[in-house]
Amino acid sequence: MYGTQNGKRKLYTADNIKSYTVTAETTLLPFLMESLSGLSRTEIKSMLKYKHVAIKGSAVTQFDTPLMPGDIVEVNFGRSFFKFNNPQVKILYEDKWMVVIEKSSGLLSVANDRSRENNAFNIVRDYVRHEDPNADLYVCHRLDQYTSGILLFSKNQDMMLEMRSNWDYYVKERRYICVTENIPAKSEDTIESMLAQNDRMQVFSTTDTERGQLAVTHYKVLRTRGRYALVDVEIFTGKKNQIRVHMSEMGCPIAGDMKYGAETNPARRLMLHNYRLSFIHPVSGELMRFSLPTPPVFRKLTSSDK
């Protein structure tokens, strides 16, 4: 198991926050001078400048900020107070070794030739570099640009290589929810095929075992409405466009997936969402489980309620 010493390693964050209660009306600098008696005036002003002090959860920099009895002043001795706020990325979990996020539909996992800047990798790398300007980030796996859901990045290159080399060992569950056009003939089934890619970057099933790679997809129809079905999908291999191809080839393309034969786009997005990811933490050995709700538009389109 990568990186272990004497069994499990304790995980930690960089925050080291202490709280101080105001007992008399005053202003911030004299309060900090009294509360942090071991620090010089210059050191305290530096902490204010670099946003290590917060009141009511928000960083403050003004030394003459008024304080009233009962106010709570927080001091972060580890790093500046920083609230990550990005409409396309939500941080689900972070420790010394990894960051797990929720990626929105439309956001690339990593850069491509058409878009170098706006992608999940760059957004998360900028976030981790707020703590350490020399920090780096590594891609453990990817989601299609228009697939939303759970995405894992490593802060350590060796850990990334370990996970990617032994992906089937570490990853225990990958489940998706999707809305298909047309209703599968079987309410539940497992699809196996060899997938290959043509010159137009389109994936398809082939009988050529030298060209194709095995892809295994299990699905279960949860409910239907009109021509649409809400389908729970578990993949046992992580091939490019795997779910999209398997759904399309059985005559039930994912709604919004014009690349693989969809005729409608009711949600103005690819209706495919990675809602569950479970894996063994390569350092602690802990089984990590992450789960997201079904997007409301998926439920609404397939709901029997009118």
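Helix 2 is followed by Lys-51, which has a positive phi, near 60 degrees. Helices (H or I, at least four residues) and strands (E, at least two) are DSSP runs, numbered from the N terminus. This is a predicted model, in which local features need pLDDT of at least 70 and side-chain atom pairs count only at pLDDT 80 or more, while totals for chains, interfaces and linings use all residues. Residues are numbered from 1 along each chain as its sequence is written, and side-chain values use heavy atoms, with hydrogens and water left out.

**Helix 2**
- Ile-44, Met-47 and Leu-48 are the buried residues of helix 2 (residues 41-49); buried means under 20% relative accessible area, exposed over 50%, and partly exposed in between (1.4 Å probe, protein chains only).
- Thr-42 and Lys-49 are exposed on the other side of helix 2.

**Salt bridges**
- The count comes to 11 salt bridges, each defined as a side-chain nitrogen of Lys or Arg within 4 Å of a carboxyl oxygen of Asp or Glu.
- Lys-155 forms a salt bridge with Glu-94, with the closest N and O atoms 2.8 Å apart.
- Lys-155 lies in the loop between strand 10 (148-154) and helix 4 (157-165) and Glu-94 in strand 7 (residues 89-94), so the pair ties together parts 61 residues apart in sequence.
- Glu-94 counts as buried, at 18% relative accessibility.

**Salt-bridge network**
- Arg-175 and Glu-234 meet in a salt bridge through their side chains (2.8 Å, N to O).
- Arg-175 is in strand 11 (residues 171-181) and Glu-234 in strand 15 (residues 228-235), 59 residues apart.
- Both Arg-175 and Glu-234 are buried.
- A network of salt bridges links Glu-173, Arg-175, Asp-232, Glu-234 and Arg-276.
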